[in-house]
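Here is a briefing on side-chain packing and backbone geometry. Look at the sequence and the model first.

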Amino acid sequence: MKIVLINPPHTAIGSRIPDDHLPPLGLLSVAGPLIDDGHDLSLIDAEFGPMTIAEIIDRITANGPDLVLISHSGSTSAHPTARAIAEAVKRSDPAIRVVYGGVFPTYHWREVLAETEAFDIVVRGEGEETMRRLAGALAANRPLDAIAGIACRDGRGEVRATQPAQAIADLAAYRIGWELIDHASYSYWGGKRAVVMQFSRGCPHLCNYCGQRGFWTRWRHRSPELFAREIARLYHEQGVELINLADENPTSSRKAWLAFLEAMIAENVPVQIVGSTRADDIVRDADILHLYRKAGVVRWLLGMENTDEATLALIKKGGAKTTDREAIRLLRQHDILSMATWVVGFEEEKLSDLWRGFRQLLSYDPDQIQALYVTPHRWTPFFRIARDRQVIETDIRKWDYKHQVLKMRYLNPFVLIACVKLIEVAVQARPKALVRILFHRDREQRHSMRWYTQMGRRVWFHEVLEFLFRRRHLKNGPTLENFWGAPQDDEEESMLRPQRHIKSLDAAE
């Protein structure tokens, strides 16, 4: 089959402001097995430009595909754009099959297929094996009811789903289709040639707001040696200088992570690694942090989320302030940058809570911070807790963690954003931070901090201007449940166990 993969242009501020772009790992992960099965694939990465829908359709028409596959890493906020592309594809050629994948359609497959006929099939959960089976069935004109992990319309036009697909046990069985991209076009960290990769999938922790935990079902990792070898190959053959790990928690297993560090050191390539992990894993690994740095790790994003113990307990974060502070100290000791995420917008927060959070951030002394807003996903347990909160932002393109979407009891949106923007400036421009940016002993780390500061300044002004001139919050919006629908946390594990209330395609015949 001739298949075109589409990475929709994202509307998020963070995607539009930086000059750097990273390749769409999800689509490339699905592409590798499809290429190996003999299908003819091409990629349209509409993030560049960004491309208009008309330009995307022109590219699709030029390729003349049998099948179009649409997916995006920011799947909730990208959904309106994905839908617009799918509808335009159908208008241009109704014979083209359109397949939709990602976290959002995995859980919202009922609504996705009911709201428009532009999407023919939804892939639910991990796509590598499901998509290769689906493409094989479509190419041979075989029935789809035996393919686990999809949803579509039956012969009577009713929306149905097959049984959930099992989580992939051997991640090494599927390769990434790197040949679809020009590596010279992708960069990060201030112009360094870069790619996104995964050492592991899933997370063993139980944070109840996480939109990724149930999608991956359980923590699994690649062969540490093979993963390091692939990174080294990308460096030697494609000039890749930086790896952005997309893992939720790559350091979950100390044994596996240590094996990867040792393998990377043995490969002896000057590749830098950035990613996200938990503060308690950093503290656990205090005795091997020198290997982190030697293997190329230059920055960790630490998901601290909040500085209030009651809030941490509410979201079941499982962290502690003392651990967070110690993790940042240990990272700095080994010349590894720390970025602390700080989430605001919880219903009961007051000015005093923001002030306490600000003081706590100063005591943590992170190299960088990233302020985010509470954004509940319907398939997470936290959605059930927040189901009666009022929605003030109904444009789901803004449901990207960088916009306030829920009403607060004591703070109006103007007060909240004013406080957040002032805190960002105060933390990032404090004397300690400025001294590190100007005089850090590691030249590469000085470069990365200056790049992040420059990008952050542009995003900061953009967010303020957008709030003042381009946003209109609802004063009395719908409840979260009325806006999105009933909680779906009973379906959170998308691939591991059968989902209730789902009829199979064959049951509808």
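The model is predicted. It holds 22 aromatic pairs.

- Phe199 sits in the loop between strand 9 (192–197) and strand 10 (200–201). Phe227 belongs to helix 9 (residues 224–238).
- The pair therefore ties together parts that are 28 residues apart in sequence.
- Phe199 and Phe227 are both buried.
- Both also belong to one aromatic cluster, formed by Phe199, Phe227, Trp257, Phe260, Tyr292 and Trp300.

- Trp399 lies in the loop between helix 16 (381–385) and helix 17 (413–428). Phe483 is part of helix 20 (residues 480–484).
- The pair thus links parts that are 84 residues apart in sequence.
- Trp399 is buried, at 3% relative accessible area, whereas Phe483 is partly exposed, at 24%.

**Charge over a ring**
- Lys350 lies over the face of Tyr410. The distance to the ring centre is 4.8 Å.

**Nonpolar surface patch**
- Phe414, Leu465, Leu468 and Phe469 form a nonpolar patch on the surface. Together they have about 450 Å² of accessible area.
- Helix 19 (residues 443–469) gives the most to this patch, with 3 residues.
- Leu468 is located in helix 19. Its relative accessibility is 42%, so Leu468 counts as partly exposed.

**Backbone features**
- The peptide bond from Gly49 to Pro50 is cis, with omega near -10°.
- Pro50 is in the loop between strand 2 (40–45) and helix 3 (53–63).
- Asn268 has a positive phi of about 55°, although it is not a glycine.
- Asn268 lies in the loop between helix 10 (254–267) and strand 13 (272–277). With a relative accessible area of 67%, Asn268 is exposed.
- Asp335 also has a positive phi, near 60°, and is a residue other than glycine.
- Asp335 lies in the loop between helix 14 (321–333) and strand 15 (337–344).

- Val196 is in strand 9. Val196 is buried, at 13% relative accessible area; buried means under 20%.
- Leu22 is 174 residues away from Val196 along the chain. Their C-alpha atoms are separated by 6.6 Å.
- Leaving out residues up to four places away in sequence, Val196 touches Leu22, Pro23, Leu25, Trp178, Asn244 and Ala246.

How values were computed. Residues are numbered from 1 along each chain as its sequence is written. This is a predicted model: local features need pLDDT of at least 70, side-chain atom pairs count only at pLDDT 80 or more; totals for chains, interfaces and linings use all residues. Side-chain values use heavy atoms; hydrogens and water are left out. Rings of Phe, Tyr and Trp (its six-membered ring) pair if their centres lie within 6.5 Å; planes under 30 degrees apart count as stacked, over 60 as edge-to-face and the rest as tilted. Helices (H or I, at least four residues) and strands (E, at least two) are DSSP runs, numbered from the N terminus. Buried means under 20% relative accessible area, exposed over 50%, partly exposed in between (1.4 Å probe, protein chains only). A charge sits over a ring if NZ of Lys or CZ of Arg is within 6 Å of the ring centre and within 35 degrees of the ring normal. Patches are made of residues with over 30% relative accessible area and no salt bridge: like charges are joined within 9 Å, nonpolar side chains (Val, Leu, Ile, Met, Phe, Trp, Tyr) within 5 Å. Accessible areas come from the Shrake-Rupley method with a 1.4 Å probe; for residues, only the protein chains shown count as cover. A salt bridge is a side-chain nitrogen of Lys or Arg within 4 Å of a carboxyl oxygen of Asp or Glu. Contact means heavy atoms within 4.5 Å.
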